[in-house]
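Hi,

Here is the structure I promised to send over.

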Amino acid sequence: MELEQQVAVRGNMLPGSGGPGANPRVPDIQGEERLQQNIFNKGQNTGQLAYTPNTLYRSRALKGPNSRIDTGLESAIAKAIRDAATRGEKPVFYPAMGTVFNSCQEAWDFYNLYSWEIGFGIRYGRSRTNDNEYMTKMNIVCSCEGRQEHEDSNSIRTQCKAMIRLLRTKDHSWYITKFVGDHNHPLSENCGEKKQWPSHGHIDSGTKDFIRKLRENNVSIGRVCSILGVTDGSSTIRKEVVRSVCAKLAQENIKDDIGKTQQLLEEMKTKDPLMDMRLKVDKEGRIKSMLWSTGKNMLDYKNFGDVVTFDTTYRTNLYNMPFGLFVGVNYHFQSTVFGDQCAAMEAAAKTTIPSARHRWCRWYVLKKAKEYLEHVYSKYNTFKKEFHHLISYVTSRRRFKLGWISLLHKYNLGGNIYLKRLFRKRAKWAKPYFMGVFCAGMTSTQRSESANHMLKKYIPRAAPMHLFVRKFLEFQYDRQDQEDKEKHLTKLKRKEAHFNVPIEKHAKEVYTRTMLGHFLWELYESGAYAIADTSVDGKFILVHTSEDNDPAARKTEVKLAVDKKRISCKCGLYKHMGMLCRHQLKLLVHLDQRSIPEHNLMKWWTKAASTSGDDGMTAGTAPNHGTEEAKRCLLVKMAMELSTTRDIPDEEYMSLMETMEKARSASRDKSTTHNSNIQTTGLDKPGISLQCPLRPEKKGRPQSTSLRSWQQGVKRRRNIRTGDKSRLLSEDEENPRGGKTRSVQELL
């Protein structure tokens with residue numbers, strides 16, 4: 001046949017490929033600058049390629065895409081795998097002359113697999129691009145190709161000639177026109193050696209995206225390596241390559257941080273019109289503080305904002321800005337976020353909310369007490385129990401003062417300066433001085449600390465501003481999901497009767513699932529109390545049954561109103577938390593009360609608190625389909641149902657696409673005409689643009705971890721405990737000054 005007489009090849013192979021009947025001689029291609037070869041497709045179904053010298057063209061006039069459109073033919077890699085059993089001892093991925101590839105990347109992958117089999121690495125060599133920016137030639141060479149710059153340089157270049165040369169065809173595919181297989185250097189033998197070549201440690205784009213997702217979710221580099229199989233040898237990727245990729249991803253995140261942040265905030269504002277964002281900048285346009293609160297945050301604050309914990313000790317951003325989180329408690333006794341900001345706001349809170357009661361964190365008071373009274377804690381094993389009991393359980397101011405004096409006298413602490421100052425500031429932290437203040441069960445910033453702990457799982461260290469905002473938004477979505485879960489369980493799950501008393505049935509009807517658990521625990525504890533005395537004016541004295549014969553037993557006074565609509569207790573749990581205490585429940589059960597007194601049923605903890613939700617749902621009703629979220633969810637459900645149930649006719653498909661295009665255009669026009677509502681203070685001067693804060697500069701040596709340094713620290717702390725600390729202690733308990741401030745005159 002004429003085609004066979006013209007040096008024809010079948011199965012994506014050209015002459016010199018080593019196939020049956022093929023000429024093993026490598027064809028001599030002269031004048032590459034004036035290439036006059038033409039390889040064309042003789043049939044889309046046969047996969048037959050032929051070289052026809054009579055049809056000539058100049059490569060300089062070619063133009064088109066970088067790769068051939070996939071024709072559905074078997075790829076060179078797939079064919080090599082299929083024919084692997086017939087090759088014997090020859091390499092599976094042998095780069096024979098004339099092997100055709102859809103793209104240059106496919107040729108790289110093929111030759112890289114061959115280099116792994118043989119034991120060397122590859123890299124791109126010289127290439128040629130014509131006037132139309134169309135690449136016509138590419139050399140893929142051995143990593144040892146070329147010569148070292150200096151004789152004494154630490155280089156692997158040995159002028160190795162091993163390579164493949166790729167040229168183009170009219171259909172924009174690539175084929176091997178030259179192959180050199182001899183090397184002038186030792187080859188790698190085992191897997192551990194082979195993966196040291198950079199080409200075998202290459203990370204593809206899909207894996208890079210996976211690594212980016214892991215790093216954005218605060219997964220350490222060590223765990224990333226473990227997930228990719230680097231540490232157990234199941235992957236050819238090296239740990240150094242993973243570190244390099246992570247470093248490059250971090251640099252990409254830092255680029256145009258303020259632009260990415262502005263775009264993200266605008267998108268958030270478009271999705272949530274009720275969202276409020278405010279920025280404050282300095283005279284140079286750099287952000288000093290940033291405050292934002294979503295519509296859900298503000299609604300939660302309206303319903304549950306009577307008690308707020310605020311903490312600014314968390315720093316997890318690129319600019320080392322203190323992060324403040326406003327956290328409260330919802331009706332499921334879950335932490336709910338009211339807003340957040342990136343600057344200290346205690347002074348602003350005092351001026352904007354003058355009626356608020358500011359309270360020190362009890363946990364922080366105990367922590368500082370352990371630091372300053374370490375010698376007392378270690379010397380007396382009973383001090384901790386008595387001191388903590390005095391702070392946590394005593395509710396009477398008189399008993400607190402007497403217990404404090406007794407404690408100082410017993411342990412000889414009358415001259416301790418820290419305890420003197422702590423007692424002087426007792427109105428900011430002692431429990432008896434907050435008995436009339438509703439705290440929703442919170443005596444410390446533990447919920448802020450817990451929220452900060454959860455944030456560390458979402459936000460990586462030294463995160464740029466846009467990543468910080470985005471990950472914090474994910475954190476809020478998670479909190480919303482947990483709240484919705486509790487809503488679902490509260491509506492559908494019913495607890496069985498535990499004590500079978502009338503008041504228990506009423507509690508099940510009104511309280512949420514979590515708060516019902518708190519109620520049942522107090523009801524259980526009430527069984528250990530007995531009514532010791534009754535008076536005519538509705539006062540009852542209760543005592544714990546374990547202290548019946550103790551004349552100094554603690555007695556609790558409970559008073560029930562005449563109309564039985566209110567009950568009070570000296571323990572103060574109801575005023576502090578809004579839930580009936582065990583003493584009150586003991587009396588109500590004793591009197592066969594059928595329901596919780598009207599004035600003691602705080603709406604905060606009831607199912608009725610959800611009737612003002614932002615999702616259009618009320619207790620016992622179906623969702624409001626007019627809300628944006630409900631409409632979006634319904635559209636997604638309908639699209640999934642439509643795509644999986646049956647085939648869609650062409651007319652119906654075109655109608656659906658037309659409707660979706662109209663909706664998409666309307667949404668795009670709305671987002672284009674949307675005006676920014678981000679309030680920015682300080683950008684009123686012309687020529688000043690918004691900029692990111694300055695990154696902190698690390699100066700000096702890192703902190704020493706030697707034994708000598710530790711001993712010096714112990715000695716310094718001991719001197720502080722035993723010496724005069726009047727100049728070392730600050731009146732500000734939450735921001736204590738660490739040492740004495742020296743004047744300029746003292747330094748002269």
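Before the sheet below makes sense, one definition: two strands count as paired if DSSP finds at least two bridges between them. Also keep in mind that this is a predicted model.

On that basis, β14, β15, β16 and β17 line up in that order as an open sheet of 4 strands, with antiparallel pairing. The edges are β14, covering 529–534, and β17, covering 567–569, and each of these pairs on one side only. On average, neighbouring strands in this sheet are turned by 30° against each other, ignoring direction.

Strand β15 spans residues 539–544 and runs antiparallel to β14, with 5 bridges joining the two. Which residue in β15 is the bridge partner of Asp533? That would be Ile541.

UniProt, in an unreviewed entry, puts a "domain: SWIM-type" feature at residues 556–592.

Now for the whole protein chain. There are 25 helices and 18 strands in it. Of its 748 residues, 39% are buried. Among contacts with a separation of 6 or more, 61% are between residues 24 or more positions apart. The chain exposes about 44,800 Å², and carbon and sulfur atoms supply 51% of that area.

Cheers

Definitions and conventions. Residues are numbered from 1 along each chain as its sequence is written. This is a predicted model: local features need pLDDT of at least 70, side-chain atom pairs count only at pLDDT 80 or more; totals for chains, interfaces and linings use all residues. Side-chain values use heavy atoms; hydrogens and water are left out. Axes are lines fitted to C-alpha atoms, for helices over the stretch in contact, and angles run from 0 to 180 degrees between N-to-C directions. UniProt positions are given in the numbering used here, feature names are shortened, and annotations may be inferred rather than shown by experiment. Buried means under 20% relative accessible area, exposed over 50%, partly exposed in between (1.4 Å probe, protein chains only). Contact means heavy atoms within 4.5 Å. Accessible areas come from the Shrake-Rupley method with a 1.4 Å probe; for residues, only the protein chains shown count as cover.
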